Amino acid sequence: APAAFYNQRLGLGLDSAQYGFLSGLGFTWLFSLCGLIAGRLADTSPRKAVLLIGLFGWSAVTALCSCPQVLTGFTGAVALRACLGLTQALSAPACYSLIAQIFPLNLRGKANAVYSSAVYLGGGLASFSQLMSTNWGLGWRGTHLVVAGFGFGVALMTSLVLKE
């Protein structure tokens with residue numbers, strides 16, 4: 001298979017500056033802004049619903065990243081990265097608020113540490129996607145689809161298990 005099958009930057013025809021924007025500001029500006037809004041939502045809305053909208057939304061956008069009809073170049077990539085930032089921002093405020101409600105004071109530090117460590121575990125698992133793309137032959141679009149499927153599974157499990 002050609003390198004563009006395995007490499008998202010090449011597959012979308014992006015230069016290094018465009019790819020740098022996508023992996024930096026293209027995600028973080030909306031993620032940061034939406035985090036403030038998500039905090040307000042977590043205070044005024046059912047937190048489980050806020051969290052599930054974020055989980056299902058993130059999974060749906062990740063799945064869209066696998067569709068050549070949707071993700072065709074830099075503009076589409078910016079739009080999808082912004083949507084990922086928006087949906088991912090919903091999780092932290094709702095989760096921290098739920099942790100404060102569910103866990104007694106003497107266990108909250110540990111519960112928050114476990115939740116916070118998941119961010120870094122996720123970053124480590126992201127490097128696993130490189131193996132899925134190249135060694136397993138899924139390509140970058142197929143890898144997005146597998147990761148989205150896992151996200152939908154986590155969202156479904158959360159909807160069934162989490163009590164508010």
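These questions and answers cover the fold, contacts, surface and cysteines of a predicted model.

User: What ground rules apply to the values?
Analyst: In this predicted model, local features need pLDDT of at least 70, side-chain atom pairs count only at pLDDT 80 or more, and totals for chains, interfaces and linings use all residues. Residues are numbered from 1 along each chain as its sequence is written, and side-chain values use heavy atoms, with hydrogens and water left out.

User: How many helices and strands does the protein have?
Analyst: Helices (H or I, at least four residues) and strands (E, at least two) are DSSP runs, numbered from the N terminus. Along the sequence the pattern reads α-α-α-α-α-α-α-α-α. The tally is 9 helices and 0 strands.

User: What is the radius of gyration of the protein?
Analyst: The radius is taken over C-alpha atoms, and the globule rule is 2.2 Å times the number of residues to the power 0.38. For 164 residues that rule gives 15 Å; the model's value is close to this, so the protein is as compact as a globular protein of that length. The C-alpha atoms fill a box of roughly 55 × 30 × 25 Å along the principal axes. The radius of gyration is 17 Å.

User: Among contacts between residues at least 6 apart in sequence, what share joins residues at least 24 apart?
Analyst: Contact means heavy atoms within 4.5 Å. For the protein, the share is 73%.

User: Which residue forms a salt bridge with Glu164?
Analyst: A salt bridge is a side-chain nitrogen of Lys or Arg within 4 Å of a carboxyl oxygen of Asp or Glu. The count is 1. The pair spans 117 residues, from the segment after helix H9 (139–161) to helix H5 (residues 47–64). With its closest N and O atoms 2.8 Å apart, the partner is Arg47.

User: Which helix gives the largest share of the nonpolar patch?
Analyst: Patches are made of residues with over 30% relative accessible area and no salt bridge; like charges are joined within 9 Å, nonpolar side chains (Val, Leu, Ile, Met, Phe, Trp, Tyr) within 5 Å. Accessible areas come from the Shrake-Rupley method with a 1.4 Å probe; for residues, only the protein chains shown count as cover. Phe56, Phe152, Leu156, Met157, Leu160 and Val161 make a patch of about 590 Å². With 5 residues, the largest share comes from H9.

User: How many disulfides are counted?
Analyst: The rule asks for a pair of cysteine sulfur atoms within 2.5 Å. The sulfur of Cys34 is 9.6 Å from its closest cysteine sulfur, in Cys83, so that pair is too far for a bond. Cys65 is in no disulfide either, with the nearest cysteine sulfur, in Cys67, 8.8 Å away. The count is 0.
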